[in-house]
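This report goes through one protein chain, part by part. Please keep the sequence and the 3D view open while reading.

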Amino acid sequence: MRDSSTGSTTPSRTRPSRRTVLAATAGVTAALATGTSAYAGPPDDKELRALISRMTLEEKVGQLFVMRVYGHSATAPDQADIDANLKEIGVRTAAELIAKYRVGGIIYFAWAHNTRDPHQIASLSNGIQRASLEQPRGLPVLISTDQEHGIVARVGKPATLLPGAMALGAGGSRGDARTAGRIAGAELRALGIRQDYAPVADVNVNPANPVIGVRSFGADPDAVAELVAAQVKGYQGADVAATAKHFPGHGDTAVDSHYGFPVITHSRELWGTLDATPFRAAIRAGIDSIMTAHIMVPALDDSGDPATLSPVILTGILRGELGYDGLVVTDSLGMEGVRTKYGDDRVPVLALKAGVDQLLNPPSLDIAWNAVLKAVQGGELTEARLDESILRVLRLKSKLGLLRDPYVTDAGVDHSVGTAAHLRAADRIAERTTTLLVNKDDLLPLSRRRSPKVLVVGADPASPSGSDGPPTTVLAKALTKLGFTATALSTGTAPSAATITRAVAAAGDADAVVVGTYNVSATSSQKTLVGQLLATGVPVIAVAIRNPYDVAQLPDVPAYLAAYSWTDVELRAAARVIAGRAEPRGELPVPVQRADDPTQVLYPIGHGLRYWRPSS
């Protein structure tokens, strides 16, 4: 039976029979069975502890790790992926990773070539489960990914790509947020991915935040909390574990914890009313897992340690004050924010001592795994401490049904992934998020009769999922489909003088210009591009394809929209608003400050213009 596929396979080849499943999970069911029949319901803690008691110490250590692995197949990846695995992990394949380290989880990435197409992903997931269950006392693997949607998506087309968090914040609909979570969860479940590192529960109150931004639902903690809770219910209603991140709150920083060590200077009181609010809501909604942040919050813990390694924050506050007893997973242990103070051998041990249950993606699994093993053998960590976290891991695997049957089918992929109903729902949700910030002299909606020829210029950042875009082409095609004659000219995020000259020349033959802006700063040459286009006298419409704060840097643009992401579904919605086929219904979920005086608010939370047409 093969576990790799480049296309559709028959269900019998992708998913073992029920008899095969029971045979493969014999090591699990033996401790959970009554007589000769598999257990009828989810095992209780006593039964799960019986499973734990049968594990070797090495197996226990492995259950705590969630690791990356290269390749589209669990046993037969491409040679380049074998080479990458040997270099970074010391194994050739996912199956060898499981056999050597007995990892409890695996995380999928597009760049690791795990997510080529839906049937391949399902086959990879089944191959991983089979490799784990074939081990002595083998347990199913909890497969995870970051599928936030918007600007962070590891699984691309033909799966459904949905509006991201800030777009949903602009829509303001708990129903839409829950529906988006349900659709995303149903598709992930069909692929064998049962833990999603979403939703983002950070409150983005810093426009300069380089790592959160539009990944957040907004700047109002109560509004963020409502949408976080709605998404938790959507994901988990589809039997996928949701993960609120990044505790205790990563929304007010100008430093990216991937590359530095952010310090949050909020007071204890401010943290309690701002950052903590969405996490409280997630806990009330029954969140399955919470991800830690590699940030320092001196008001919560003045030790100088990142929250990921802080017993005060994770055990004292998260578990004690907030009453959370679910799974705690670290953010990636390869990030600089957690590696600044301690070595890679100390970080996993200190994280477990702080109260973490899952150790995500260490830079060297061999160093991290052996460090935990030696910490137990040397008495720094007790085996009982490991058992506590393993119990939480197994509770979640049990809740998700993985202990009963971890496999997926091709039929399930076809039934759930990228369906017409899901794609229509994504378009409808996106249409309710596009925000009209400026509309001088009622330039919009654009008339096909008066402005038939449209030039689309601007930034073309890489697709988050690697499967859609580029933005200028998507906008041009969408406008053409709506009756305009639209052409695309990519000018990039930092257009050169020569590029600007070409764009200005092309504008001379257009009736209107649409410009996609991307994180415009005070010194950005995107400002020069827009200024020279405005000087032509041709009407200019700008679309902020990432942060809505761009509008403050370009106050002379007569019409400005915020799309909150450059994925196709949000760009198509913006095109429909430009053409008047859809009403702009989004409202800013964050304030936009003046560029020349950041103490002054240019557009407040809730700002969003409409096309007011007289009734007939």
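Which residues lie nearest the centre of the second largest pocket? They are Pro207, Ala208, Val520, Tyr549 and Gln553, and the lining has 22 residues.

## Basis of the values

This is a predicted model, in which local features need pLDDT of at least 70 and side-chain atom pairs count only at pLDDT 80 or more, while totals for chains, interfaces and linings use all residues. Residues are numbered from 1 along each chain as its sequence is written, and side-chain values use heavy atoms, with hydrogens and water left out.

## Overall form

The protein chain has 25 helices and 18 strands. Both are DSSP runs numbered from the N terminus: helices are H or I with at least four residues, and strands are E with at least two. Along the principal axes, the C-alpha atoms fill a box of roughly 80 × 55 × 50 Å.

The radius of gyration of the protein chain is 25 Å, which agrees with the value near 25 Å that a compact globule of 616 residues would have. This radius is taken over C-alpha atoms, and the globule rule is 2.2 Å times the number of residues to the power 0.38. Of the 616 residues, 61% are buried. Buried means under 20% relative accessible area, exposed means over 50%, and partly exposed is in between, with a 1.4 Å probe and protein chains only. Among contacts with a separation of 6 or more, 76% are between residues 24 or more positions apart; contact means heavy atoms within 4.5 Å.

## Nonpolar cores

A nonpolar core is a set of buried Ala, Val, Leu, Ile, Met, Phe, Trp, Tyr and Cys residues joined through side-chain atoms within 4.5 Å. The largest one has 118 residues, and Leu97, Ile128 and Phe247 touch the most other members. Helix H17 (residues 365–377) gives the most to this core, with eight residues. Apart from it lies another core, of 70 residues, including Val214, Val456, Leu533 and Ala563.

Beyond its neighbours within four places in sequence, Leu97 is in contact with several residues, among them Met67, Ile89, Arg102 and Leu365.

## Pockets

On a 1 Å grid over the protein atoms alone, a pocket is an open set of points with protein on both sides within 12 Å along at least five of seven lines, a cavity is a set where a 1.4 Å probe fits but cannot get out, and lining residues have an atom within 4 Å of a point. Points are joined across faces, edges and corners, and a volume is the space filled by probe spheres set on the points. The largest pocket has a volume of about 570 Å³. Its lining has 27 residues, with Val152, Arg154, Val211, Arg215 and His258 closest to the centre. By class, 13 of the lining residues are nonpolar, six polar and eight charged. Here Ala, Val, Leu, Ile, Met, Phe, Trp, Tyr, Cys and Pro count as nonpolar, Asp, Glu, Lys and Arg as charged, and the others, Gly among them, as polar.

The second largest pocket holds about 360 Å³ of space. Helix H24 (550–553) gives the largest share of its lining, three residues. The lining divides into 12 nonpolar, seven polar and three charged residues.

## Cavities

There are eight cavities of 30 Å³ or more. The largest cavity holds about 100 Å³. Its lining has 17 residues, and Glu148, His149, Gly164, Ala165 and Arg215 lie nearest its centre. Helix H9 (165–171) supplies the largest share, three residues.

The second largest cavity holds about 70 Å³. Its lining includes Met55, Arg102, Val103 and Ser132.

## Backbone details

Most residues other than glycine have a negative phi, and most peptide bonds are trans. Arg102 is not a glycine but has a positive phi of about 55°. Arg102 sits in the loop between helix H7 (94–101) and strand S2 (105–107), and counts as buried because its relative accessibility is 14%. Asp442 also has a positive phi, of about 50°, but counts as exposed at 63% relative accessibility.

A cis peptide bond joins Phe247 and Pro248, with omega about 10°. Another cis bond joins Leu444 and Pro445, with omega about 5°. Pro445 is in the loop between strand S11 (435–439) and strand S12 (453–458), and Asp442 is in the loop between S11 and S12.
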